[in-house]
Amino acid sequence: MNVSALEVNLIQRVAVGDILRRRSRDSANLEALVDFEGGQRRSLTYFQLNQRVNQLSHGLRQRGLQAGDRIALFGTNQLDFVVSLFACYKAGIVVVPINFLQNPDTIHYNLSHAEVKAVIYELALETIVDASTVKDLPNLQQRLIFGSEKSKADICFDELLDGQPTTELNDCIINDRDTAHIIYTSGTTSNPKGVETSHLALVMSSLSNPLSIGAEKHHSLLTVLPLFHCAALSFLYGCMQLSGSIVMRPNFDPVEVAELLEKEKIYTTALLPMMWRAMLQLPDIQQRDFSALTTAVYAMAPMDAETLEQLRATFDCPFHLGSGQTEFAPMACAYYDETPTEFGAGNYWGEPNICADQAIIDDHGNEVPQGEIGEICWRGPQVMTGYLKNTEATEEAQQFGWHHSGDLGLIDNEGQMLFVDRKKDTIKSGGENVSSMKVEQALLSHPAIVQAAAFGVPHPRWDEAVVACIQLAPDTSPSEEEIIAHCKQSLGGFETPKRVVVTEAFPMTSTGKVRKVELRQEYSKLFT
């Protein structure tokens, strides 16, 4: 008897959607997802979630969407966002989670570049979808919407799922290195880059991340970070691998988070440093019961020693820093709370996760001696397949058999990696990457500005704030408010400069480039 290629694939494949299928069999009655849509607690067990996912995967197929097609997903942290993700994964459809906080022109570029055939969205984001799709998108064929209200969409979920089978879609071959999703990251270039991540990379991430932080089976996770972001997704996958319960909120409110930590007996959560600081400001924080919280994670930026000490005392658990990037799905390394270091408190990114190699590399691809500064590089099965339609950028990122982070660091005498500086000029504000070039282009589109430099400086809330230094044309004097308003026309809120300062001349290199390191130093106390 001959065994078909499809049968072999089903037996041995590595695919993200199979995580859910397995949990629906061995953890059928356990609570998988919880949200609070409309103020009411809603939940799905693993069995119920898998059935709904299967119905949607059949429904997408019925709508003419096939393996390899690309679907954009606009949504906040709610049940049908996860349903949409896994329906695409199971059908071999490439899902493109959209950062709806971006400017509509940027979103339109992402949709066009990815050649999406459909968009799935929730009603609250319909205005953003409209603004992002008003320009010509020749590949876009249909719009699908969560819930029971069709509104401007071609079909709503209730109608699409009605009558669809709950059985697995077992006629689809999914190979390990097939693209599971594409997430766009602005990086340091004017146009975003689409990071193609494979099924294998996401599955490896779902295993290595919980192992790295010591997560337990059946743990509960609170997800406040947006699920269009790779960091939130990685925690979701890892919790699902361990049959955990994923509690979702669409935004951060310190009072709501504190209440959920107590009521839902949350085992772990990941928040930005500014969010953890906001938690400490609650007047009743010391009277609350956080005894279920076993492991806390902060991401995107380090925290000062004083804040960490207050957090440990308040929540009585370790606080680990996870670092990485979208291209590594995303946690490549972690600094585990109170691990000994050579230089004491600092911007430590720590040690690689269990499925990654970590090294400090010079410009010729050689590992530098311990203690010397070079580029932070990683390799392992979690790394991206490449940048969509950008062979040159992919090859640059993968020189010498390493994935190049674009950041500078060193390995200290304790074996811990210390982040030193960014090799390029990406600004990280509120957990989002901001392209300094993109900000500068927006500034230079103002008729009174002849030269501009955008850079990040420390900020008590955003960790880094975008600051613009500009040089004005003769006989012009636009106000700071006018320039900021001008930038808002083409930039997202997190990309728009928080302050604009005028200078007569920029510090320049011998090759005519602005020395941003000097500007960062000069304005480092602007918000303190």
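Let's start with burial: a residue is buried if its relative accessible area is under 20%, exposed if over 50%, and partly exposed in between, using a 1.4 Å probe on protein chains only. You are looking at a predicted model, where local features need pLDDT of at least 70, side-chain atom pairs count only at pLDDT 80 or more, and totals for chains, interfaces and linings use all residues. Residues are numbered from 1 along each chain as its sequence is written, and side-chain values use heavy atoms, with hydrogens and water left out.

**Stop 1: salt bridges**

Select Asp18 and Arg13. Their side chains meet in a salt bridge, at 2.9 Å from N to O. The term is used here for a side-chain nitrogen of Lys or Arg within 4 Å of a carboxyl oxygen of Asp or Glu. Asp18 counts as buried, at 5% relative accessibility, and Arg13 is buried as well, at 10%.

Move on to Asp35 and Arg42, another salt bridge, with 2.6 Å from N to O. Is Asp35 buried or exposed? Asp35 is buried, at 1% relative accessibility, whereas Arg42 is partly exposed, at 30%.

Now pick Asp357 and Arg379, whose side chains form a salt bridge at 3.7 Å, N to O.

To see a salt-bridge network, show Glu126, Asp130, Arg143 and Lys152 together. In total, the structure holds 24 salt bridges.

**Stop 2: aromatic rings**

Next, colour the Phe, Tyr and Trp side chains. A pair of aromatic rings is described by the distance of the centres and the angle of the planes. Rings of Phe, Tyr and Trp (its six-membered ring) pair if their centres lie within 6.5 Å; planes under 30 degrees apart are stacked, over 60 edge-to-face, and the rest tilted. The whole structure has 13 such aromatic pairs.

Zoom in on Trp276 and Phe315. Their ring centres are 5.4 Å apart and their planes lie at 75°, so the pair is edge-to-face. Distant parts of the chain are linked here: Trp276 is in helix H11 (residues 273-280) and Phe315 in helix H12 (residues 305-315), 39 residues apart. Trp276 is buried, with a relative accessible area of 0%, and Phe315 is buried at 2%.

**Stop 3: charges over rings**

Select Lys193 and Tyr387: the charged end of Lys193 sits over the Tyr387 ring, 5.1 Å from its centre. The criterion is NZ of Lys or CZ of Arg within 6 Å of the ring centre and within 35 degrees of the ring normal. Then try Lys498, which lies over the face of Trp462 at 5.4 Å from the ring centre.

**Stop 4: the largest cavity**

Rolling a probe the size of a water molecule over the atoms shows where empty space is left. On a 1 Å grid over the protein atoms alone, a cavity is a set of points where a 1.4 Å probe fits but cannot get out, while a pocket is an open set with protein on both sides within 12 Å along at least five of seven lines; lining residues have an atom within 4 Å of a point. Grid points are joined across faces, edges and corners, and a volume is the space filled by probe spheres set on the points.

The structure has four cavities of 30 Å³ or more, and the largest has a volume of about 80 Å³. Which residues line the largest cavity? Among them are Asn209, Ile213, His219, Phe235 and Thr268. Helix H8 (199-213) and helix H9 (230-241) each give two or more residues to this lining, and H9 gives the most, with four.

**Stop 5: the helix H4 lysine**

Finish at Lys90, in helix H4 (residues 79-91). Lys90 is buried, with a relative accessible area of 6%. Show Leu20 too: the C-alpha atoms of Lys90 and Leu20 are separated by 9.5 Å, although the residues are 70 apart along the chain.
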